[in-house]
Every structure is written in C-alpha cells, then in structure tokens.
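Please open the model in your viewer and keep the selection tool at hand.

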Amino acid sequence: MIMLLKLKQPIVIITITLFSLLGMQAQKAFNLSSVNYAEMTDVQLQQLYKQALAKGYSQSDLLNAAKAQGLSAKEIAAISNRFSTINTSRTTSNSRLNNENTRLRPVYKDTTNYFLDKKSDIFGFDVFKSKSLLTFQSNLNIPTPADYILGPGDKLFIDVYGQSEANYQPEVSPEGAVILENFGPIQVSGLTVTAATKRIENSLAKVYQGITGNKKNTFLTVSVGKSRSIKVNVVGQVSLPGTYTFSAFNTVYNALYVAGGFTEKATLRAIKVYRNNKLISKVDVYKFLTAGDASADVRLENNDLILVSPYTNRITLNGEVKIEGRFELNQNESLQDLLNYASGFTENAYTKAIKVTRVVDGELMVADINQDQFEIFTPKAGDVFEVGKVLERYKNRVIVKGAVYRPGVYAITKGLGVKDLIIKTAGLKQDALTARALIVRTNKDLTTSTISFNLKDVMAGKIKDIQLQQEDVLTVLSKNELKEDFYIEISGAINLPGIYPYSKGMRLKDLILVAGGYNESATGAKVEITRSVADSNGDKSKLADVIVADLTKDFNTSNDDNNALLFPFDHITVRKNPNFHDKEFASVEGQVYYPGQYAIKSKHEKISDLLKRSGGINAYAYIEGATLIRRTEFYKTQTSVDKQVAVLEALKDNLTITKDSLTESETERLFRIKRDLKRLAVNNPDNKKLMKYADNDVIYYNLEKKDTLRSVKFNGYAKDSLSNRLLLENEKREATESIGINLKEIIEHPGSISDLLILQGDILSIPIKLETVRLRGELLHPSTVRYQKNKSLKYYIDNAGGFENRAKKSKTYVIYPNGEIRRTKKILFFNAYPKVKPGSEIIVPLKPKRNSVGVAGIAGITSGIATLVLAISQIKF
C-alpha cells in the first residue's frame, strides 16, 4: 500500500519517468538502503532532498539509486509519495498566493512507475506503461466540461459582465454550498456546471435584474478553477495497486497509468469501475486500441473503485500477421476478430488456411482452419494459431538468360515456344551463339534434364519449335563469353600505365596515346613488345617473343615505320631516357645563414659545397655537434604513380582553390586532371592515396604531407634527448640514420676524407651551442647538469649521486652531439672513461642478471661428478 499524508490542501502527486540509471555517485552520497523510511521524519527526508538538489541531483536520481541498491517496488513507491507530499506542503503557501492571480488550475502529476520496464508480447500490455510514447497524465487546464459534477472542495470562478460587472471566487463548502457576499449560500453540490450556472443565475437575478428575462443585458459564466481532490482505489492486476489521490478531472485511463499499468495476468477486455457499490462502467481497452473508442473512459468520483481482474480467454497468434503476440478474446468473438486485432495479414501471408494447435484431452492437436471458416471458428483459451508464408515457387514462370536484350522472368502461356519467348525478350544480341542453345527443364522428381537445339533453325522455322514448360530455363550463349576477354598492358615511362581493352588493328602508338602519352623521363627508343609464344618451333626453353621498336615521340606524323601492330595480351614497356635525371635535393638546417633545401647540382657535390651555398656557419653554431642525416635502404621512396598523383593534385588545387571562376581552357584542364586521377585509381587499386578517386564523384582534398626524412632534428635539448632521438620508433629508425661528421675539419680542409658526398635527401644539421650534459641509466639520481670545462666523466657521475649497485661501470659510454659514441676502456685494473664534451649524454648500463646456483643445484653437480668418477674407475685399460 502506498503511503500518503493527509494535508489541508490537495496533494500533488509527482510523476517521474525513468530514462537510464546514472553513475553510482548518487548512491555513494545518499545510501538509501541504510535508511529506515518508516521512522524517518518528513523534516529528515526533506533535508535529504535538499542535499541532493544542492549536489545537482533530482528526485528521480534518488529513486534510481534506491532501485539500484535493491529496494523493493513498494519501498520505492513509498519514498516517491513522501517526496511528493513534502514538495506539496513546501509550496502550498506560495501556490495560494500565486493562484489568486491566475485561473490556470495547479498541475497534478501521477506517481512514478519508472521501474516497470518489463517487455511483453501481450497485445496492449504496454499502453499504460511509462515507457510507452502514450501518456495518460491528466490535462487539468482544459475547458470545464459541461457534465462535470460539482462537489465540496471545488473552487469556482463566477464572472458577471455586461451592464453590471462582478467577480466571485467561492469554494464549495463541505456542506455543498457556495457563499457569495450579499447573497448567502447557494447549494451546488451534485449539480453539473450547466445546472449550477442556472441556479446561481437565478439567485443573482435578485440584484442583477438584467441577468434574466427577454431583454438580457447582464451575463454570467461559471467555471471550475481548482478542482477538488478525490480518492480512487485501484485494485487487482495492476503494477501498483492502492489508493490514489487525484484531481476530480481524472478518468479511468489516468488512474491506470498512475497505477503503473497492467500485470501480465490482467484482463484488458473487462476493467470494471464501481461507484457506491454499483458497476457504472466496463472498460474494453481493445476498443480504444483498434477503433479509438474511449467512451468507457469515464470521469472518476471520490471513493470510486477500479477492479482489474485476471484474464479469462487468451490466445496466441504467430507468423505472417502484422501484430504477433497474445490476444484476449471475448466468448462470442471469432478467428476473424482475432485477425482484425492483429491488423490483418502481411503481404507474404498464406491466407487460404491457418494452423491451430489446441489442447484436447490432455494432448496437443493440430487442425487447419480454411479461409471460409475464419468468421465461424471460435478460438479457445490456450489456442496457438500459426499463419504460414507463401511458398517461394512460381506457378507459371520461365526464365531467359544470356545474349538477349531483356533477360529475366516471363509468364508462361498456353502454347508458348522458344521463338515466341525470344520475341518477348526484344530479340537476340549480335554476339548470340545461334548454332546451339540450352533449355534446362525441371522434372517431377525435381531432377533436371538438358535440351540442346539449333536456335538459328528454330527462329527460321526449319525445325519444329520447342514448347516450354513451367520452370524451364532458356540459356542463349554469347560468343564473347566463350573466350577470354582480350586486353593489352603497358608499363614504364608512361603517364597512365595499366591494362587496356584490346581492339583489332590497334598499333603501338595508339596504345601509348590511350595511356596518356610519354611522361617527361621517357624515350621513344628501345620500346619493347613482349608477346606470348604460341609456337616455339621445338624450342622448349623459349618463354616469349620480344620485339624492340624505336619510335619517335612525335604523334603528328603517321610515317613511323616501327609503329608495330599489336596482338591480344601483348605487354609494352616504355624505357626511361638514360640521360634524364630526376631533380635531387638536400637540406641544411640549424645555425647557418641561409638554411633550407638545396638542389644537388652534380654527383660530385660535397658537404663543404652545400655549406658554402648556405652562407656558412653563424656565430652560434656548435660545429662539434654537427651531424648528417641520411636515408637508409629501408626508406620508402616515392613511386612514379605517387609523383603523378602529387603533381595532378597540386594542379587541381591551384585551379579549384585559388580561382573564383575558371576560363574555358582551365575548365577543360580541370576535367582532364580529374579524368587522369580516376584512371590512375582504376589501374592502381592497391594505392591508398587513389582510393578517394575511385568513385564517380571525385572529392578532392590535399595530400597530407608527411616529412619522413626529417626523423632526427638537433636543436639542443628543447625537444628531446640525444639518445631518445637516436632511438626512434622502428619505422623512422629504419628510414634514416645519423652519420657523425667532423665539420671543423671539413671547413678547414674542403675535399678531405671527412668531406662526404651529398646524396638525395641528406640533411646537414648544425645545432646551437650546447651547455649541458645529460646522465641516464643506473645512477642514484639521473639528471641533466651544466657542462664544466676540463671535468672528467667521473665528476659528472658524482653529480648524479654516483653509480647504482647494479651499474655496469666498465660499460659506461658517451654519445657525442654529432652522433659518435665512445666507450670506457680498460687499462690494467683501471677504467679509462671517455672525454665529455658539451651536449654529450652519459649512459650507464645495467649489469646482466646471474643465475645463482642453489643447494639443490650444487648437490646435483656433485652427484654427477661422483657418478662420472665411478664410471671411469670401472673401465679396464
């Protein structure tokens, strides 16, 4: 039973709809499971509620936390009602003042049923649940219904207007009367608003003479401001049975919604409403759900009783109906009524018969109900009806496949033959093989037979036409499908290498033109045509014929004698001009006057030449820390296709982004760029950069420029330590490597052995002068310290607290700023540590772990030696 506190004013019942459980922070702050709500005073409960609001939580959050902590539904409902009561009493004084200035009725909200989230296949089960999109919360600000019956507690608004004006706001007393100043009590309890208006009008006519008679000049209206509270009992198969306090405007449906809806055992066909021990209404929810009939949803009065009894006749309907589930039928309803409640059959339903499973004499029995029996067959409790699906087979189908203009499914008619069917398909294609066609026929035992015939003779009438049968499949073969598609392939120094369709009569220059022409590095000389060997003339070692052609790069002349005729499956290779060289670049960064990228002018250019072109070192350069970053064999070079994509995208970027409008020539050029990008995407499906151009609508965006070359950058310790920069992630470490150089000697002696040749992608990095030394490894306090001139490595070790116990002192090494490494040497019994320079990094490694031999290990070794000695002693020499 839900707890309600009696107040002088009507109780506001608050509805809270559950959405989803919040984080359990609310539970930690308000542990509701440890509170005895029965003994908790309203003041304590109100204080708990205030604390929740202060922390940003709502009443719903508190109730959610209570549910998560295992409180029962009854306990949660009690908490909810007490919260509602407290909120009502807290706002009563304010509401009295506010209501004096408004004619809107105070909003009544329903109790929560947020925890009733069970799903069910019962038809109509969810209609009064809070999770349903339907809401049956009462709307109190509707016009006062003319049939509303007044009672004690109703607050009325009486307006007199016209020649005379007055306003009264009386409340119906417990005795059923309203008292108007200068008029005395007027009995209105038990009257409708219309009847009460007439009675009040008659009483006021004593003073306002124009309010009655034939010549009325004064008028009167009566409306209900704040309706009285009523108590309604909801019992039976509802989720929260109990006594509820409502506004008198509420109906049966409002009460069922507040009570949480039905349980699975409830009837939806005969909900009874009792008033003064008499049945006044029987509610059939199915009428509301299927026909929108809410005539039985009567307005409630004080002490009304709503009884929801258990169901009596429930039937299950499955299969090809629009609404599957369990339905409740009245005794006089038929199978057709059941189908109507389910909104009828689906499009794929087999409607000629429905299977029913029924319990007869303690056993299950199956029966078929034919279509003409739907309206007379009476379902019984427990029946399970199954609506089947139409068979996936055709009654009058033939299928045509192959070289016809309209292949597909056709209806078979009486006397339909092959010739007539071909005419229906709009005729044969030009590549149709007319010498032979096939019909695959399905036999009665579902095996198949094949009928082959001369299609040309049938179409010409030379042989008798073949009559088709149901499910025959006519296949007209294509000449092109009987042979491999001819293609031709081109690769090398060409703009659009790839595979192209072969056409008879195609020549070498034709293919080069189709493939976008020569690229800038191509030569017309030594073009190779590789052709498959059909007949090796007895030479089994021969793999292919290779034809070499010397072509001109001029396409304006047709007098090229070497413009060879091509054959299917030829592979053409266009060579690169041996005198053509791609532009190569190296970079200088750091402390030089003109850092940046420089083109390599010759194969003999060295570091000193590059340094001279960059203006030389400035006053802040630390030449001892200079290093050369060079690509390794693992560096991923840009492919010719990637270069083409980059160039085309740069051109497209220039045309589409920097121009507001394009000229005719620019528009044409943009079209060619998009076409070339699309063709490259088709010919290079594995290239990820081209994937975005594979679709018809080419969407352009700039290439993400990634500098894989500059994997190591020496600008002091601002970015990272030298060791960390050398120990890069696998991909970058494999792509580049650091080469230690003696820049001082290179500057003083250009062309010396230290002056290395510059290669493509080299980076000469000259850092700013470094004034620190970094210590890492097995030290008590690894740190970075200021460089002290002429101080030994031991001095810096002492500054870091000295060696750890497990430090491998003899393996200590120094990494110099230019990437060179020096290790500790052994002189007699002493360690000779390497010299420390500015920017160096001292690394102290860890001693390897030793596998100590325990007692068991020593015993095993001793036993093994003793056994060996015994064995030797037994040998006779």
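## Stop 1

The model is a predicted one. Within this pairing, Val 359 has Leu 364 of β14 standing opposite. Two residues lie between β13 and β14, which form a hairpin, and Asp 361 in the turn has a positive phi of about 55°.

## Stop 2: salt bridges

The structure has a count of 22 salt bridges. Select Arg 269 and Asp 284, which form one of them, with the closest N and O atoms 2.8 Å apart. This pair links distant parts of the chain: Arg 269 is in the loop between α6 (252–258) and β8 (271–275), and Asp 284 is in the loop between β9 (278–283) and α7 (285–291), 15 residues apart. Is Arg 269 buried or exposed? Arg 269 has a relative accessible area of 5% and is therefore buried. Asp 284 is buried as well, with a value of 11%.

Proceed to Glu 528 and Arg 575, a salt bridge whose closest N and O atoms are 2.9 Å apart. Again the pair links distant parts of the chain: Glu 528 belongs to strand β23 (residues 527–532), while Arg 575 is in the loop between β25 (571–574) and β26 (585–590), 47 residues apart. Glu 528 counts as partly exposed at 23% relative accessibility, and Arg 575 counts as partly exposed at 34%.

Strand β23 also holds Arg 531. Select Arg 531 together with Asp 570: the two form a salt bridge, and their closest N and O atoms are 2.8 Å apart. This pair also links distant parts of the chain, with Asp 570 in the loop between β24 (544–549) and β25, 39 residues from Arg 531. Asp 570 has a relative accessible area of 0% and is buried. Arg 531 is buried too, at 18%, since buried means under 20%.

## Stop 3: aromatic rings

Across the whole structure, a search finds 15 aromatic pairs. Select Phe 486 and Tyr 502. How far apart are the centres of the rings of Phe 486 and Tyr 502? The centres are 6.2 Å apart and the planes lie at 70°, so the pair is edge-to-face. The pair links distant parts of the chain: Phe 486 is in the loop between β20 (473–478) and β21 (487–492), and Tyr 502 is in the loop between β22 (498–501) and α11 (508–514), 16 residues apart. Phe 486 counts as partly exposed, at 37% relative accessibility, whereas Tyr 502 counts as buried, at 15%.

For a group of aromatic residues, select Phe 123, Tyr 286, Phe 327 and Tyr 341, which form one cluster.

## Stop 4: lysines over rings, and a loop

Select Lys 791 and Tyr 795. Lys 791 lies over the face of Tyr 795, at 5.0 Å from the ring centre. Then select Lys 837 and Tyr 816: the charged end of Lys 837 sits over the ring of Tyr 816, 5.2 Å from its centre.

The C-alpha atoms of Asn 790 and Lys 837 are separated by 8.9 Å, although the residues are 47 apart along the chain. Asn 790 itself lies in the loop between β32 (784–786) and α18 (793–799). At 72% relative accessibility, Asn 790 counts as exposed.

## Stop 5: a nonpolar surface patch

Finally, select Ile 827, Leu 828, Phe 829 and Phe 830. Together they form a nonpolar patch on the surface, with about 570 Å² of accessible area. Leu 828 is found in the loop between β35 (825–827) and β36 (830–832). With a relative accessible area of 72%, Leu 828 is exposed.

How values were computed: Residues numbered from 1 in each chain as written. Predicted model: local features only at pLDDT ≥ 70, side-chain atom pairs only at ≥ 80, totals over all residues. Heavy atoms only, no water. Helix = DSSP H or I, 4+ residues; strand = E, 2+ residues; numbered from the N terminus. Buried < 20%, exposed > 50% of the residue type's maximum accessible area, 1.4 Å probe, protein only. Patch = residues over 30% accessible without salt bridge, like charges linked within 9 Å, V, L, I, M, F, W, Y side chains within 5 Å. Areas by Shrake-Rupley, 256 points an atom, 1.4 Å probe, with all protein chains shown as cover. Salt bridge = Lys/Arg side-chain N within 4 Å of Asp/Glu carboxyl O. Phe/Tyr/Trp six-rings, centres within 6.5 Å; stacked < 30°, edge-to-face > 60°. Lys NZ or Arg CZ within 6 Å of the ring centre and 35° of its normal. Pairing = 2+ DSSP bridges.
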